[in-house]
Amino acid sequence: MPLARSLSFTSLSGLEEWDEEFDREDAVLFEIAWEVANKVGGIYTVIQTKARLTCEEWGENYFLVGPYMESSVRTQVELIEPCNATLRRTIDKMNSSGCKVYFGRWLIEGSPYVILLDVGFTAWSLDRWKSELWENCGIGVPWFDREANDAVLFGFLTAWLLGEVCTQCDEPPHIVAHFHEWLAGLGLVLCRQRQLPVATIFTTHATLLGRYLCAGNVDFYNNLAEFNVDKEAGDRQIYHRYCLERAAARCAHVFTTVSQITAIEAEHLLKRKPDIVTPNGLNVKKFSAMHEFQNLHAQSKARIQEFVRGHFYGHLDFNLDKTVFLFIAGRYEFSNKGADIFLEALARLNYLLRVNHSDVTVIAFFIMPARTNNFNVETLKGQAVRKQLWDTAQTVKERFGKKLYESLLVGQLPDVSKMLDKEDFTMMKRAIFATQRQCLPPVCSHNMLEDSSDPILNCIRRIGLFNTAQDRVKVIFHPEFLSSTSPLLPMDYEEFVRGCHLGVFPSYYEPWGYTPAECTVMGIPSVSTNLSGFGCFMEEHIADPSAYGIYILDRRFRGVDESCNQLTSFLFQFCQQSRRQRIIQRNRTERLSDLLDWRYLGRATGFRYPRPASVPPSPAHSLHSSPHHSEAEDEEEPYDEDLEAEKDRVNIRQPFNMPNRNKNQTVGLPEKN
């Protein structure tokens, strides 16, 4: 059941009485997270993409608080003097008391103010603060857990900062403090324990215990109510972390999470039902013309095809124009991210394509960072051979063109038999001989440090997808994040995603899921699950997600084998689509991007897309259900993209706006008498 969007204001100790409304210009918002100007994971993306809209709404009264990381600050932050007299006094007082606090602008969209706390500089206080934490909250933190030690330092510094701001204010302040995740959560607990006049919000993006339990291959969602949470946390040696997270969730005035599925998890593991679900969004940049993002897809796909030509040199016995690129990307959690079920589905898809004599080839990329020591020599050699072939072709072309030009200058038609001489043929033969290969194209692009125990490689060995000529499904494992400076695949992640045809993310544990969301705003169809926040969100807002290129895999109510069969069916149906059907589907997928825009998520609810009224986007619903239908048949189907988009605009139920409030109003902090 959807959670009620009602806020909790119980036990607001330290806060005076408020009226129903107040002017946001009199309030200050502090957003506190370990990933402010410090990229570690997905929370960095949440804060970075949300900053512009938050700055527009809160203006000069919005401050991000994070740790001071010198390497990040040098490239991402412009250090300046505090803009606010209260903050200037606060920072001066803390710096004179043995802290190092920095103030500046984060150089991202919106240029928000940031307050950065140097946790290393105050490490001398760690033992004293741990003792205080034990005496006041009954939470003990072991000396060997460096991450938890950082959380203690960061939490006490954050509480110190907020307390000092309250002290330095000329008038009683209206302060809202929004804390993200357990690493920042101790600051919230201390604010409540010290009874500071601060309204607190705590957002959990994924529970600690949930992530650990799922990584241990337990039947997580069917046993949520049965777990002995204290014992499970203790068995995994994270009891102190769990206590910090649970205390923050229980002490917060408002407790939020990012998806319905995580709300259920938090209710059972953290023992508090979230007051509100706040889905994650992105900054959506719309193109003025529909064909622009299709052009970007074609350009990026051509670059991936160039890499494939080199990687499969000597075995390029398939048509690249009939090749479909699939990918999975993210943190290397083999089961949690669904890499296990994806590989099994690829093996079954390979069988289906072969027995149906399909001329479609599938290349599946696994972009998951693992421990490596260098690029695979055979992979680098492939790109060198491709470049050599290109250079040879360009040389012969120039020589041919020169002879053709000279022949035309004298008014004669060229003698084609004399246009290429013996030297040209020798050069081309040498280039062809260089493409001969005695081994199969490598499955992994790098040399793995733990090759024999790597889960992906071991699964590939078991299912036998070795990139042979008979395989219609090829696999490339790239155990490193993509970069435009790579000598192997010089593409940024965004470029790579735009060039692929389908993102596959059959996650078992995915509190939100930024990877399929990024695919959607770029117009790339994707596979998600009903155990991911993104998948549940799309099911709630779209009448028929698959019609818009969002395939929702059922991993909650089906067994592993049934889910694998369903994923195989999705992939096989996608491979049956003609090029034109894929273009139509990409147009529809891109139209969903408004759903994931922070501007929509922050201001309205109730948006719902109907099923498109025109041409079926996939063979599953098409008149041409046979894998052998022709392109000519597709061209006869009437389709007008602008007309279909207009139909959608008419049928879509517009957002239900929240009750009218003052432009500068914030939720839950009314004006003081």
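**Sheet, helix packing and salt bridges in a predicted model**

Strand 1 (residues 27-32) and strand 2 run parallel and are paired over four bridges. Two strands count as paired if DSSP finds at least two bridges between them. Strands (E, at least two residues) and helices (H or I, at least four) are DSSP runs, numbered from the N terminus. In strand 2, Leu 64 is the residue opposite Glu 31. The model is predicted: local features need pLDDT of at least 70, side-chain atom pairs count only at pLDDT 80 or more, and totals for chains, interfaces and linings use all residues. Residues are numbered from 1 along each chain as its sequence is written, and side-chain values use heavy atoms, with hydrogens and water left out.

Strand 5 (residues 113-117) was examined in detail. Strand 2 (residues 62-67) pairs with strand 5 in the parallel sense over five bridges. Here Val 65 is opposite Ile 115. Strand 4 (residues 101-106) runs antiparallel to strand 5, and five bridges join the two. Val 114 of strand 5 is the bridge partner of Gly 104. Strands 4 and 5 make a hairpin with six residues between them. In the turn, Gly 110 has a positive phi of about 95 degrees.

Strand 5 is mostly covered, with five of its five residues buried. Buried means under 20% relative accessible area, exposed over 50%, and partly exposed in between (1.4 Å probe, protein chains only). In a regular strand the side chains alternate between the two faces of the sheet. Tyr 113, Ile 115 and Leu 117 lie on one side of strand 5, and Val 114 and Leu 116 on the other. Both faces are covered.

Axes are lines fitted to C-alpha atoms, for helices over the stretch in contact, and angles run from 0 to 180 degrees between N-to-C directions. Contact means heavy atoms within 4.5 Å.

One helix pair was also characterised. The axes of helix 11 (residues 291-311) and helix 13 (residues 377-409) come within 7 Å and cross at roughly 110 degrees. The two helices are therefore roughly perpendicular (65 to 115 degrees; under 35 is roughly parallel, over 145 roughly antiparallel, the rest oblique). Helix 11 contributes Glu 306, Phe 307, Arg 309, Gly 310 and His 311 to the contact; helix 13 contributes Thr 379, Gly 382, Gln 383 and Arg 386. By class, the contact has one nonpolar, five polar and three charged residues. Ala, Val, Leu, Ile, Met, Phe, Trp, Tyr, Cys and Pro count as nonpolar, Asp, Glu, Lys and Arg as charged, and the others, Gly among them, as polar.

Two single residues show contacts beyond their sequence neighbours. Thr 262 lies in helix 10 (residues 260-269). Thr 262 is buried, at 0% relative accessible area. Outside four places in sequence, Thr 262 contacts His 205, Ala 206, Thr 257 and Pro 511. Glu 344 sits in helix 12 (residues 339-355). With the same exclusion of neighbours within four places, Glu 344 contacts Arg 462, Ile 463 and Cys 564. Glu 344 and Ile 463 are 119 residues apart in sequence, yet 7.3 Å apart in space, C-alpha to C-alpha.

Salt bridges number 35, each a side-chain nitrogen of Lys or Arg within 4 Å of a carboxyl oxygen of Asp or Glu. Arg 74 and Glu 70 form one (3.6 Å, N to O). They are four residues apart in helix 2 (residues 70-76), so about one helical turn separates them. Arg 74 is exposed at 61%; Glu 70 is partly exposed at 48%. Arg 236 and Glu 232 meet at 2.6 Å, N to O. Arg 236 is partly exposed at 24%, whereas Glu 232 is buried at 18%. A network of salt bridges links Arg 399, Lys 403, Asp 421, Glu 423 and Asp 424.
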